[in-house]
Amino acid sequence: MSETTAFSATVSAATRDGVLVVTIDNAPVNATSADVRNGLEKALARAESSTDVNGVVITGAGKTFIGGADIKEFGKPAMEPTLPAVIQKIEDLSKPVVAALNGAALGGGLEVALACHYRITSPAAQVGLPEVKLGIVPGAGGTQRLPRLIGIPAALDLITSGRSVKAEEALSLGIVDEIGEGDLVGTAVSIAGKFAGKPLRRTGELTVPVVDPTEIEKASAKIRAKARGQKAPAEAVRLVTSSARPLAEGLTDERATFLMLRDSREAAALRHVFFAEREASKVDGLEGIAPRPVGRIGICGLGLMGSGIAVAALGAGYTVIGLDQTPDVAEKGHERIVGLLERNLASGRLDQAGFDAQKARLSVTALDSDLAFCDLIIEAVFDDLDVKIDLFRRLDRVIRPDAVLATNTSYLNPDEIAAATAHPERVLGLHFFSPAHVMRLVEVVRCARTAPDVLATGLSAAKKLRKLPIVTGVTEGFIGNRIFSAYRREAEFLLEDGALPHEIDAALEEYGFPMGLFAVYDMAGLEIAWARRKRQAASRDPSARYVEIADTLCEAGRMGQKSGRGWYAYPDGKRIIDPEVTIIIEAARAKKGIVPRHFSRDEILKRLLEAMAMEGDALLAQGIAARPGDIDLVMINGYGFPSHKGGPMFARIEPPQSDT
Ligand code: T1G
């Protein structure tokens, strides 16, 4: 190996057996910053002009090949050379260029690899074009070169879903040519040497395999329908399905589309979400605090929520001991959990070995003492304060002093639960969202006396459960339900003022919510909120505006979809507008002397978004939420707020589009 030459601060190279090995070292993910692009361009020029170089290998330092273009550069003036320009130089080089994928090759990283003449990957590497998740399309050849390698159908799937694929699938699709074990760079060097002087397979010169247009149109229609108003997937469909045209033409169209989308509001929102997710894990006061080790998790209460948490814990590799009131009830819990594992097996999410291993790590009991060796206990019992306090007091007597106790309560005050235990510093909240084995969001509740390492333990366990943990302070409903209550309240004000449930729901669905508020309300059932309102009635501020419409519906037995009637009617299960509800709403308006008026979708949205954002402001002012991005992440991941709108705090910067 010759001595190393630095072509820029982040790109260096050394010659090995006549092959220039170029290494990108741009922590933390080798993003193709301006400095990386400069260094690559200089290294390629050196390879082209040097008579003692007959091939090139490009690889990354650390655990990533290239994590993509540098998202932090977006919005700043583009600096030469652009990534497409560097990539074209790779493809046009007269000598063989081999990509040695030492780790993730994503976005621009995979586009660099696609322009190489051969791709060898480590077994652990993943490849993908996740740009649509950022509201953009691949902007450096991905929509044109990938179809040339793997065909339009497979390219459509990967580019419009943004999903990554592991090495095996990448090989079978034809994205990579080889999986290399051991000295990946050494193997790549010998491959480059073998190709020296021989004709090179340039991806851009391949022809796109012909496909059945009806099959493509069917796939495209499905993608557009799923995009729910997002622009990027539809643009990706257009670019990939037209990739059979001359490469230069396709690349020009792709670049223009990428630049247009990159500067869009939708892309700014998704970048905000991307960085907010990474910010959320940086919690004040936890720098340098190590979480307690967790291997065994006890779960108390094996109903819908508890069994979902158990499945998530088993999937993350934990040993799970489920506790319920009697052996029979515990056994039913066991059946419920195994039933969920069987669904994962049937759907292919789990193979047989994985199913057997997870089932073997599960046990259930009715004896508190069987939780004695657990490191973390999560209770998901009936949401009643006395029940939870009694359970935690019993557990205090049997579990280790360093075991962490977590309550899954949605509305009770975890400080009251903690105060009733012998060691309140080991108590925190882990508020999962149902179904707990599917929903990513977990609100990690920092109680008044939660010890820092206990909070760190909750965060670390939630991450291992592949959840998105967001820290919240103690308040009724924490972050999500506080915001949800505020926007539900505003929606009911709108009903009194003149709007109807289906008009409000239509405005929310057009904005990007999967379901409108009143439809969700009916699906969840009206009784829980009604019980809470009755509990709060005595202490309610008499001067505050109160809408009785929901109470009237409940008093009429309209409890939602389950009872066949709620905000809507459900004859044979299909949701329809119910004139009876309109009459109830009109009576409520008349009782208060309100003269109703029409509300446009834009006005409805503005009022609901502002109600959410104002509640968010209050959560920030009270120190319940640490940053606006945390609030956005809770509403996106727990309440269906469209991610391409960025969340209620981000969205308030821009009023909703004009009413159609
Ligand atoms: N640009 C800038 N910073 C990035 C980045 C990127 N592409 N990816 C990650 N970071 C930062 C991140 O903010 C965090 O910063 C740190 O790196 C570690 O990230 C032309 C235009 C690569 C799988 O969408 O999926 O290419 O918090 O915690 O868990 O067509 O990062 O430490 O200050 O996620 O090891 C397409 C995005 C870009 C991939 C590593 N690429 N990144 O996961 O680390 S657009 C992506 C990831 C593009 C081209 C287009 C992951 C990872 P901080 P991390 P990780």
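Predicted model: local features only at pLDDT ≥ 70, side-chain atom pairs only at ≥ 80, totals over all residues.
Colleague: Where on helix α23 do its buried residues fall, seen down the axis?

Modeller: The buried residues of α23 are Val581, Thr582, Ile584, Ile585, Ala588 and Arg589. Seen down the axis of α23, these buried residues fall within an arc of 160 degrees, so they line one face of the helix. On the other side of α23, the exposed residues are Pro579, Ile583, Ala590 and Lys591. The answer is therefore one face of α23, within an arc of 160 degrees.

Colleague: How many Å apart are the end C-alpha atoms of α23, and what span should its 13 residues have?

Modeller: Helix α23 runs over residues 579-591, and at 1.5 Å a residue its 13 residues should span 18 Å. The distance between its end C-alpha atoms agrees with that expectation, as it is 18 Å.

Colleague: Which residue caps the N-terminal end of α23?

Modeller: A side-chain oxygen of the capping residue lies 2.9 Å from the backbone nitrogen of glutamate 580. The residue that provides this oxygen is aspartate 578.

Colleague: Which residue in β9 is the bridge partner of alanine 105?

Modeller: In the open sheet, 4 strands follow the order β5-β7-β9-β10, with mixed pairing. Within this order, β7 (residues 104-106) and β9 (residues 126-128) pair in the parallel sense over 2 bridges. In β9, the partner of alanine 105 is valine 127.

Key. Residues numbered from 1 in each chain as written. Heavy atoms only, no water. Expected span 1.5 Å × (residues − 1). Buried < 20%, exposed > 50% of the residue type's maximum accessible area, 1.4 Å probe, protein only. Arc of directions from axis to C-beta. Polar contact = N/O pair within 3.5 Å; in protein donor to acceptor, adjacent residues only side chain to side chain. Pairing = 2+ DSSP bridges.
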